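Dear colleague,

I am passing on the structure we spoke about, with my notes placed below it. Please read them alongside the model.

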Amino acid sequence: MTILARLDALADPGAIVVEYEDGAGVRRSLILTRAGDHVAAFRNVCPHAGYPLQRADGRIVVQEARYLVCMAHGASFTLTDGACAGGPCNGDGLERVGIEVAQGMILLR
Ligand code: FES
């Protein structure tokens, strides 16, 4: 299994961008989110126009402790399940990636 991050690297609520190398040696970017005991991972690709969601400084904007906001054109997504919550995502959510949390680490499934 691939270790993505330490659980305590994530604010509560919060979101971070992490990268890992897949089995074919391709760099992949994921968004990890946390809200209480709920931890989730999504591909860092906005369904609107395919951009990554973070700001130029690498940070992900979390609004009202509940929404991720894409910095390209302002689409917002729920922190816990990546569903479109407003803006130009037009009903399309983020693609979820399977993870698990064990011994304080977030692992790619
Ligand atoms: S690419 Fe995310 S809102 Fe346009």
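**Contacts and overall form**

Among contacts in the protein between residues at least 6 apart in sequence, 42% join residues at least 24 apart, where two residues are in contact if their C-beta atoms, placed from the backbone, lie within 7 Å. Please keep in mind that this is a predicted model, in which local features need pLDDT of at least 70 and side-chain atom pairs count only at pLDDT 80 or more, while totals for chains, interfaces and linings use all residues. Residues are numbered from 1 along each chain as its sequence is written.

The protein has zero helices and 11 strands, and its pattern along the sequence is β-β-β-β-β-β-β-β-β-β-β; helices (H or I, at least four residues) and strands (E, at least two) are DSSP runs, numbered from the N terminus. The radius of gyration is 13 Å, which agrees with the value near 13 Å that a compact globule of 109 residues would have; this radius is taken over C-alpha atoms, and the globule rule is 2.2 Å times the number of residues to the power 0.38. Taken along the principal axes, the C-alpha atoms fill a box of roughly 35 × 35 × 25 Å. Of the 109 residues, 23% count as buried, a residue being buried if 20 or more other C-beta atoms lie within 10 Å of its own, exposed if 12 or fewer, and partly exposed in between, with C-beta atoms placed from the backbone.

Strand β2 (residues 14–21) pairs with β3 in the antiparallel sense over eight bridges, two strands being paired if DSSP finds at least two bridges between them. Within this pairing, V17 has I31 in β3 as its bridge partner. The hairpin of β2 and β3 has five residues between the strands, and G25 takes a positive phi near 80° there.

β3 is also joined to β4, by six bridges, and these two strands run antiparallel. Here A35 stands opposite H38 in β4, and the bridge partner of R34 in β4 is V39. The hairpin that β3 and β4 form has two residues between them, with G36 in the turn showing a positive phi of about 65°. On β4 there is also an antiparallel pairing with strand β9 (residues 96–97), over two bridges, in which F42 stands opposite R96 in β9.

**The nonpolar core**

The largest nonpolar core has 19 residues, and those with the most contacts inside it are A15, I31, L32, A41, F42, L53 and L68; such a core is a set of buried Ala, Val, Leu, Ile, Met, Phe, Trp, Tyr and Cys residues joined through C-beta atoms within 7 Å. β3 (27–35), β4 (38–43) and β6 each supply at least two residues of this core. Leaving aside its neighbours within four places in sequence, I31 is in contact with A15, V17, A41, F42, N44, L53, I60 and L68.

Four strands form an open sheet in the order β5-β6-β7-β8, with antiparallel pairing. β5 (61–63) and β8 (84–86) stand at its edges with a single partner strand each, so one side of each is left without a neighbour in the sheet. On average, neighbouring strands of this sheet are turned by 40° against each other, direction ignored; for such angles, axes are lines fitted to C-alpha atoms, for helices over the stretch in contact, and angles run from 0 to 180 degrees between N-to-C directions. Inside this sheet, strand β6 (residues 67–69) and strand β7 (residues 76–78) pair over three bridges in the antiparallel sense, and V69 stands opposite S76 in β7.

The other open sheet has three strands in the order β1-β11-β10, again with antiparallel pairing. Its edges are β1 (2–6) and β10 (99–102), each with a single partner strand, so one side of each is left without a neighbour in the sheet. The twist averages 30° from one strand to the next. β1 and β11 pair over four antiparallel bridges, and I3 has L107 in β11 as its bridge partner.

**I106 in β11**

I106 lies in strand β11 (residues 105–108) and counts as buried because it has 24 C-beta neighbours inside 10 Å. Leaving aside its neighbours within four places in sequence, I106 is in contact with L4, A5, L7, L32, V39, I99 and V101. The C-alpha atoms of I106 and D12, which are 94 residues apart along the chain, are separated by 14 Å.

With best regards
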